[in-house]
Amino acid sequence: MKKLIYGIALLLLCSGWSCRKEDQVPGFDMIYRQQFTIPAGIGVFQVHHFYLKNIATRYEQLLEQHGKTDEEITGIITAQAALTGVFGDANLNYVDQVSLRVYDETNPNDYIEIAYRQPVPLEPGNSLALIPSLADFKRFLTGPRFAMDVVFWLRNSTGQETDLQLDLQLKAKY
């Protein structure tokens, strides 16, 4: 009986350690939704980049809405990211890896990966959740505009044109 009580106590103690510190940090959400099209017939021997440019950050508006200043924001991180077929009929089984990168349009070589999926499940269906990185990319979102690069490595050629939507939830921490 003592072993059972000690086992339960140990289990409860360990489950308390599973809370992530990022989940407890105060902040506000920044939501972005972008659509793009993957053309039919692209092959597996290249890395494919889909550039989403000239996206309004709405940073100043969000700061004002939440009563914060830029100095109070300690960082911006990815909370959630997902790629979903626009019409509900996309089959993303041809995707092997995905990387979502944020950059400033004036210097596309300076980027930060904010979400990824490696490897993609063999049958992801119409929606593919990306894994958020822990990188802070506040410097890219403090201006009026930013850009994203959705990078695909394919395991098969695309059979048909696919309209995708990127849903991105960021968290501005303070």
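I looked up glycine 143 and found it partly exposed, because its relative accessibility is 26% (buried is under 20% relative accessible area, exposed over 50%, partly exposed in between, with a 1.4 Å probe and protein chains only). I am working with a predicted model, where local features need pLDDT of at least 70, side-chain atom pairs count only at pLDDT 80 or more, and totals for chains, interfaces and linings use all residues. Residues are numbered from 1 along each chain as its sequence is written, and side-chain values use heavy atoms, without hydrogens and water.

I placed glycine 143 in the loop between helix H4 (138–141) and strand E7 (145–154). Helices (H or I, at least four residues) and strands (E, at least two) are DSSP runs, numbered from the N terminus. Glycine 143 touches Thr57 and Tyr59, leaving out residues up to four places away in sequence (contact means heavy atoms within 4.5 Å). From glycine 143 to glutamate 60 I noted 8.5 Å, C-alpha to C-alpha, across 83 residues of sequence.

Next I checked glutamine 165, in strand E8 (residues 162–173). Glutamine 165 is buried, because its relative accessible area is 14%. Beyond four places in sequence, its contacts include Arg33, Ala82 and Val86.

Last, I turned to the strands. E4 (residues 95–104) and E5 (residues 107–117) pair antiparallel over seven bridges (pairing needs at least two bridges found by DSSP). Two residues separate E4 and E5 in a hairpin. Serine 99 stands opposite tyrosine 116 in E5. E5 also runs antiparallel to E6 (residues 127–132), joined by two bridges. There, alanine 115 stands opposite proline 132 in E6.
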